[in-house]
Amino acid sequence: TWCGPCVGEIPFIQKAQEKYGDRVAIVGLSIDEDIDTARQFVRKQKLTYGQLWSPGGFSSDIGKLYQVQGIPSTFLV
C-alpha cells in the first residue's frame with residue numbers, strides 16, 4: 001500500500017494473472033500492520049489475483065521463511 005515500486009508492479013502482475021492464472025497461482029502478500037489498510041488497497045486496485053496478509057514486515061513468519069531483505073520481492077515456488 002505504501003511501497004511505490006511494489007505498486008508499480010501491479011499492472012504486470014495483473015497481466016500475468018490474466019495470461020497464466022488458469023495454470024499457476026499468483027499470490028500477493030501484504031506486510032501492512034493493519035489488515036483493513038490492506039483490504040482497502042485490494043478493493044481500490046481491483047486486484048484479480050489472491051492476496052494474503054502477514055503483519056510484522058521482514059520479521060513476519062513468511063518474511064523469515066523466505067529471507068525477505070527488501071521489497072518488492074518476487075518468488076517462484
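These legends describe close-up views of a predicted model. Local features need pLDDT of at least 70 and side-chain atom pairs count only at pLDDT 80 or more, while totals for chains, interfaces and linings use all residues. Residues are numbered from 1 along each chain as its sequence is written, and side-chain values use heavy atoms, with hydrogens and water left out.

The largest pocket has a volume of about 1,300 Å³. A pocket here is an open set of points on a 1 Å grid over the protein atoms alone, where a 1.4 Å probe fits, with protein on both sides within 12 Å along at least five of seven lines. Grid points are joined across faces, edges and corners, and the volume is the space filled by probe spheres set on the points. Lining residues have an atom within 4 Å of a point. There are 42 of them, and the closest to the pocket centre are Val 27, Gly 28, Leu 29, Ser 73 and Thr 74. Elements that give two or more residues to the lining are α1 (4-20), β1 (27-30), α2 (35-45), β2 (50-53) and α3 (61-65). Helices (H or I, at least four residues) and strands (E, at least two) are DSSP runs, numbered from the N terminus. Helix α1 supplies the largest share of the lining, six residues. By class, the lining has 30 nonpolar, nine polar and three charged residues. Ala, Val, Leu, Ile, Met, Phe, Trp, Tyr, Cys and Pro count as nonpolar, Asp, Glu, Lys and Arg as charged, and the others, Gly among them, as polar.

**View B. The largest nonpolar core.**
Five residues make up the largest nonpolar core: Ile 10, Ile 26, Phe 41, Leu 47 and Tyr 49. Such a core is a set of buried Ala, Val, Leu, Ile, Met, Phe, Trp, Tyr and Cys residues joined through side-chain atoms within 4.5 Å. Buried means under 20% relative accessible area, exposed over 50%, and partly exposed in between (1.4 Å probe, protein chains only). In soluble globular proteins, nonpolar side chains tend to be buried together. Not counting residues up to four places away in sequence, Ile 26 touches Ile 13, Ala 16, Gln 17, Tyr 49 and Gly 50. Contact means heavy atoms within 4.5 Å.

Gln 14 counts as buried because its relative accessibility is 13%. Gln 17 is also buried, at 18%. Leaving out residues up to four places away in sequence, Gln 14 touches Lys 46, Leu 47, Thr 48 and Tyr 49. With that exclusion, Gln 17 touches Ile 26, Thr 48 and Tyr 49. The C-alpha atoms of Gln 14 and Thr 48 are 6.7 Å apart, although 34 residues separate them along the chain.

**View D. The disulfide of Cys 3 and Cys 6.**
The structure holds one disulfide. Cys 3 and Cys 6 form this link, with their sulfur atoms 2.5 Å apart. The cut-off for a disulfide is a pair of cysteine sulfur atoms within 2.5 Å. A disulfide is a covalent bond between the sulfur atoms of two cysteines. The link of Cys 3 and Cys 6 is right-handed, with 70 degrees about the S-S bond. Cys 3 is buried, at 8% relative accessible area, whereas Cys 6 is partly exposed, at 23%.

The peptide bond from Ile 71 to Pro 72 is cis, with omega near 0 degrees. Pro 72 is found in the segment after α3. At 32% relative accessibility, Pro 72 is partly exposed. Leaving aside neighbours within four places in sequence, Pro 72 is in contact with Cys 3, Pro 5, Cys 6 and Glu 9. The C-alpha atoms of Pro 72 and Cys 6 are separated by 5.2 Å, and the two residues are 66 apart along the chain. Pro 5 sits in helix α1 and is exposed, at 53% relative accessibility. Its C-alpha atom is 8.0 Å from that of Ile 71.

Most residues other than glycine have a negative phi, and most peptide bonds are trans. Lys 46 has a positive phi of about 55 degrees. Lys 46 lies in the loop between α2 and β2 and is exposed, at 65% relative accessibility. Gln 67 has a positive phi of about 50 degrees. This glutamine is found in the segment after α3, and its relative accessible area of 62% makes it exposed.
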